[in-house]
Amino acid sequence: MRDYIEVEKSDIPCSFDIVLGAEEFNLLFKYNEKSDLFTCTLSKNEKVLVYDEPLIYGVPLFKDVYNSDTFPCFDIVPYDESGEENTVTYKNFGEKVLLTIDDEG
């Protein structure tokens with residue numbers, strides 16, 4: 001079982017600081033009700049690295065813009081370990097689909 005980042009969807013929009021590896025980051029989560037889409041903004045040292053990255057099931061966050069010098073050293077992936085879900089929706093986010101930290105590789 002992987003570790004995961006707990007996000008309370010009822011608190012969204014919300015932000016919090018988190019240590020990933022040896023570095024501290026800030027994650028800001030938003031939800032667009034019209035499109036049923038969650039997004040995440042990643043910051044480090046009060047500098048925004050990525051604005052409103054969509055949470056897509058099975059796709060590591062920040063994959064398209066990853067820079068090993070500034071980004072978390074672990075992949076953060078919206079994923080359902082039970083295998084029952086295959087999309088991120090308001091109904092399943094935080095229930096079955098969790099933000100897993102892929103530190104197994």
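## Exercises on rings and backbone

Tyr31, Phe38, Tyr90 and Phe93 form one aromatic cluster. The model is predicted: local features need pLDDT of at least 70, side-chain atom pairs count only at pLDDT 80 or more, and totals for chains, interfaces and linings use all residues. Residues are numbered from 1 along each chain as its sequence is written, and side-chain values use heavy atoms, without hydrogens and water.

**Exercise 1.** Classify the aromatic pair of Tyr57 and Tyr79.

*Solution.*
- Set the rule: rings of Phe, Tyr and Trp (its six-membered ring) pair if their centres lie within 6.5 Å; planes under 30 degrees apart are stacked, over 60 edge-to-face, the rest tilted.
- Count: the rule gives seven aromatic pairs.
- Classify: Tyr57 and Tyr79 are 6.0 Å apart centre to centre, with 20 degrees between the planes, so the pair is stacked.
- Locate: Tyr57 is in the loop between strand 5 (47-54) and strand 6 (75-79), and Tyr79 is in strand 6, 22 residues apart. Strands are DSSP runs (E, at least two residues), numbered from the N terminus.

**Exercise 2.** Which residue lies over the face of Tyr90?

*Solution.*
- Apply the test: NZ of Lys or CZ of Arg within 6 Å of the ring centre and within 35 degrees of the ring normal.
- Lys9 lies there, at 4.8 Å from the ring centre.

**Exercise 3.** Is Phe62 buried or exposed?

*Solution.*
- Take the cut-offs: buried is under 20% relative accessible area, exposed over 50%, partly exposed in between (1.4 Å probe, protein chains only).
- Phe62 has 3% relative accessibility, so Phe62 is buried.
- Check the backbone: Phe62 is not a glycine, yet its phi is positive, about 65 degrees.

How values were computed: Helices (H or I, at least four residues) and strands (E, at least two) are DSSP runs, numbered from the N terminus.
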